[in-house]
Amino acid sequence: MSNIKKRLGDLLVENHMLTEEQLMEALRYQKQNEMRLGDALVELELITYEALIEVLEFQLGIPHVNLYKFAIEEKVINLIDSNLAKRFSVIPLKLNGKSLTLAMMDPLDIVAIDEIARVTGFDVEPVIASPTEIQRVLDQHYGIKESVDKVIRNLESTKDIEKEILEIDQLKEMVDDAPIVRVVNSIIDQAIKEGASDIHIEPSADKLVIRFRVDGVLRDIMNSPKHTQGVIISRLKIMANMDIAERRLPQDNRFQTNVGGKEIDVRVSTLPTIYGEKMVMRILDTSSLILDINNLGMEKFNLNRFKEIISKPNGIFLVTGPTGCGKTTTLYSLLSYFNSRDKNIVTIEDPVEYRLVGINQVNVIPKIGLNFAEGLRSILRQDPDIVMVGEIRDKETAEIAIRAALTGHVVLSTLHTNDAPGALNRLIDMGLPPFLVASAINGVMAQRLVRRICATCGGSGCGKCNNTGYKGRAAIHEILVMDDDMRQGVMNKISNKELKQLALNKGLITLYNDGLAKVENKVTTKEEVLKVAYGEEF
């Protein structure tokens with residue numbers, strides 16, 4: 001610390017990056033606006049943050065760190081509270097004996113260094129980080145916690161609300177209070193910033209656990225005291241237009257919210273558990289949805305087969321795989337590909353996930369009898385060119401879909417099977433005649449999602465990927481094209497294994513082998529492929 005004596009302004013003047021007049025102007029602006037000198041210099045466009053970091057690093061020998069590549073331990077970041085961290089724009093990074101490494105925008109801020117040293121009892125070693133990165137970490141680590149702390153203080157006198165009959169009336173009064181609104185907004189905002197697909201709010205015996213699913217993996221974000229459970233769940237139920245008094249039955253609905261100027265759809269479902277209502281929110285960000293069949297991540301061979309199938313003027317194309325494997329994105333990309341003013345495109349979905357301009361989308365409503373079969377039957381009276389059925393679940397829906405395909409319509413749908421050839425016998429197992437299956441199906445695509453290797457750290461783990469080594473997901477595919485030999489095999493009722501071998505003879509690339517190609521191209525790892533496609537090559 002002995003080499004850090006000079007003030008930032010003096011250092012910049014000495015290195016001919018500012019004139020004395022510019023420094024005085026910035027100091028006046030700093031005082032008027034009660035801000036740090038570095039921020040004042042940047043706002044006045046007298047210097048860039050990059051230049052500021054460069055002079056500090058090379059003139060004083062203070063290291064510059066990339067916080068995206070830094071995995072910060074929870075026990076270290078908790079050494080200082082959020083108010084202090086935000087006041088000085090600092091992040092504690094690493095503890096080594098009595099030395100605390102502190103990321104700062106201005107490592108010459110002696111006041112901040114002395115205060116952090118006094119509060120923590122450690123010697124402070126400053127390093128330089130950009131204000132953007134510091135703000136990201138502040139939001140990530142302190143955002144929700146700070147809002148929850150305020151709610152906890154407000155609820156300290158009402159810890160019995162979980163038990164009392166007056167709870168509903170009390171909750172109705174409390175759910176619109178600023179602190180709880182900030183908590184809920186912070187949870188949703190942080191989930192979107194981290195690219196979460198789902199938010200889980202899970203009650204246990206003594207706490208409320210909040211978890212995010214990012215890149216297909218659930219991870220804990222924070223724990224909230226048990227007595228905040230009622231007010232957090234109730235606030236979200238009101239946002240989703242649910243009945244906050246009904247806790248014995250599952251409920252589901254959706255709401256829209258604006259985050260960073262983007263309209264976000266949030267699908268909400270509740271489930272009564274022994275410790276109270278569990279809630280899951282599916283985040284549907286239409287702005288991040290790229291509906292282009294060329295952006296589905298297919299290898300060239302598979303993309304050519306895919307385009308061959310969808311060029312047919314009628315017939316069924318099926319996408320198979322488990323829940324959460326990207327089937328909806330694939331189907332929506334196809335709808336976008338087909339979408340034009342000279343086509344009537346109608347969907348029946350459970351539920352409609354994304355609203356697509358120019359396409360007629362219908363939600364199933366089972367309680368009034370509008371299921372997939374009834375919806376599809378009605379759609380066929382609407383003179384459609386292309387029909388998308390969210391899922392073929394039963395014989396009745398399958399029969400109507402096949403009839404539509406054989407009468408000149410393009411039909412898109414999904415099934416839950418392990419591989420592409422298995423979808424053919426699955427339809428037969430539902431009770432459909434093999435000759436109809438053979439005649440109506442144009443092709444089947446099985447797919448899975450694997451995590452992408454983080455582009456920032458190359459897989460070693462960093463702040464940007466939450467130290468997992470992965471950021472984002474990619475699809476692996478298995479595409480079966482129906483030809484005369486495959487149709488004959490279906491009509492002869494050959495087994496799944498025989499169908500698979502026949503498809504392999506015709507050039508089918510299995511999920512496993514498509515995954516290995518993505519490993520070769522450093523998109524993902526073999527471990528990821530083995531998780532979702534182990535044994536699929538046989």
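Me: At what angle do the axes of helix H14 and helix H15 cross, and how close do they come in this model?

Reply: In this predicted model, the axes of H14 (residues 372-379) and H15 (residues 395-406) come within 8 Å and cross at roughly 20°.

Me: Why are H14 and H15 called roughly parallel?

Reply: Angles under 35 degrees count as roughly parallel, and the axes of these two helices cross at roughly 20°, so H14 and H15 are roughly parallel to each other. The crossing of H14 past H15 is left-handed.

Me: Which residues of H14 and H15 meet, and what makes some of them count as charged?

Reply: From H14 the contact takes in Phe372, Ala373, Glu374, Leu376 and Arg377, which meet Glu396, Thr397, Ile400 and Ala401 of H15. By class, these residues divide into five nonpolar, one polar and three charged; Glu and Arg are among the types that count as charged.

Me: Why are H18 and H19 described as roughly antiparallel?

Reply: Helix H18 (residues 484-491) and helix H19 (residues 496-505) pack at an angle of about 175°, with their axes 10 Å apart. Angles over 145 degrees count as roughly antiparallel, and therefore H18 and H19 are roughly antiparallel to each other.

Me: What residues make up the contact of H18 with H19, and how do they divide by class?

Reply: Asp485, Met486, Gly489 and Val490 on the H18 side meet Leu499, Leu502 and Ala503 on the H19 side. The residues of this contact divide into five nonpolar, one polar and one charged, with Gly counted among the polar types.

Me: How many cavities of 30 Å³ or more does the structure hold, and how much space lies in the largest cavity?

Reply: There are three cavities of 30 Å³ or more in the structure, and about 40 Å³ of space lies in the largest cavity.

Me: Which residues line the largest cavity, and which element gives the largest share?

Reply: The lining consists of Ile309, Ile310, Lys312, Gly315, Ile316, Phe317, Phe338, Val410, Leu412 and Asn442. Two or more lining residues come from each of helix H12 (300-310), strand E10 (315-320) and strand E14 (410-415), and the largest share, three residues, comes from E10. The lining has seven nonpolar, two polar and one charged residues.

Me: Where is Leu249 found, and which residues beyond its neighbours in sequence is Leu249 in contact with?

Reply: Leu249 is found in the loop between helix H11 (229-239) and strand E7 (251-259). Leaving aside neighbours within four places in sequence, Leu249 is in contact with Thr270 and Pro272, where contact means heavy atoms within 4.5 Å. Leu249 and Gly459, in turn, are 210 residues apart in sequence and 43 Å apart in space, C-alpha to C-alpha.

Notes
Residues are numbered from 1 along each chain as its sequence is written. This is a predicted model: local features need pLDDT of at least 70, side-chain atom pairs count only at pLDDT 80 or more; totals for chains, interfaces and linings use all residues. Side-chain values use heavy atoms; hydrogens and water are left out. Axes are lines fitted to C-alpha atoms, for helices over the stretch in contact, and angles run from 0 to 180 degrees between N-to-C directions. Helices (H or I, at least four residues) and strands (E, at least two) are DSSP runs, numbered from the N terminus. Angles under 35 degrees count as roughly parallel, over 145 as roughly antiparallel, 65 to 115 as roughly perpendicular and the rest as oblique. A crossing is left-handed if the near helix is turned anticlockwise from the far one by less than a right angle, and right-handed if clockwise. On a 1 Å grid over the protein atoms alone, a cavity is a set of points where a 1.4 Å probe fits but cannot get out, and a pocket is an open set with protein on both sides within 12 Å along at least five of seven lines; lining residues have an atom within 4 Å of a point. Grid points are joined across faces, edges and corners, and a volume is the space filled by probe spheres set on the points.
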